[in-house]
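Here is a short report on one chain. It moves from the whole fold to a single residue.

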Amino acid sequence: MNWLAKINLGIVVQRLGAFKSALFLVALISLCLFIGYRVGNYYHHAQVSTLAQQKERLDNLYQQHEQAIEQIHTLEVELTLEQLANKEAQASIKSAAQEHHQVKKQLAFYEKIMAPEKQAGSLVVEGVKIFPTSLAHHYRFEVTLLQQQLKRRYSKGDINLTFLGSENNQLKTLKLSDVSNVSKQERSFSFQFFQVLSGEFTLPESFTPENIQLSVNLPRRTGQKQADLEKIMPWQLEKP
């Protein structure tokens, strides 16, 4: 900056004259303004270009973000559909397995009737089932009997149920006649292949059942020997 201090404006004016000095000063100022404008315009253009590039990049990032969100939502929907399909498939497999089990049980049941040579014995207790009802402590029973003989005659007799359990911390037994109005005629059977006996009963509120004893009585008659059959099973409620 020492060269600016060496410039003597008075001498310059004396040598060039007032008019030329004014023209020189105006030209110098115009040159400075022009250079400043060009330099400022260059930096302004650079900033505008940089902002445009940043805006374009930001728009691309927003677009990629939206695409990523859309893809995530699509994948979530596909995952939900796959989970639903998997649950339906598992439910179908479970249902098919249950149906297969029921068919096997039915097949075994009818095989005992139609192919007794594969089994031993004659009168068979196929099952005793207890079903709950809409009333508290009120139940329904089903006793299934079948006959296994090559030369089948009608099996005739009657059954009785005894409920074994406890009441007030003491062992207690209740006969079907004590807790129901099922008559002896309703407990009687007469069949050649199989028969299902059913009825309803009500247990005392303070009684806790633990086992069921089934007694089957076949009196002596033509073609039938006198026999008594007893079977004890744990108390278990079936699904209604």
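What share of the contacts in the chain with a separation of 6 or more comes from residues 24 or more positions apart? They account for 64%. Contact here means heavy atoms within 4.5 Å.

## Basis of the model

This is a predicted model: local features need pLDDT of at least 70, side-chain atom pairs count only at pLDDT 80 or more, and totals for chains, interfaces and linings use all residues. Residues are numbered from 1 along each chain as its sequence is written, and side-chain values use heavy atoms, with hydrogens and water left out.

## The chain as a whole

The chain has 4 helices and 8 strands. These are DSSP runs, numbered from the N terminus: helices are H or I with at least four residues, strands are E with at least two. From the N terminus, the order is α-α-α-β-β-β-β-α-β-β-β-β.

The chain holds 240 residues, and 23% of them are buried. Buried means under 20% relative accessible area, with a 1.4 Å probe and protein chains only.

## A look at S180

S180 sits in the loop between α4 (176-179) and β5 (188-191). S180 counts as buried because its relative accessibility is 12%.

The backbone nitrogen of V182 is 3.4 Å from a polar atom of the S180 side chain. Beyond neighbours within four places in sequence, S180 contacts E200 and F201.

Terms used
Buried < 20%, exposed > 50% of the residue type's maximum accessible area, 1.4 Å probe, protein only. Polar contact = N/O pair within 3.5 Å; in protein donor to acceptor, adjacent residues only side chain to side chain.
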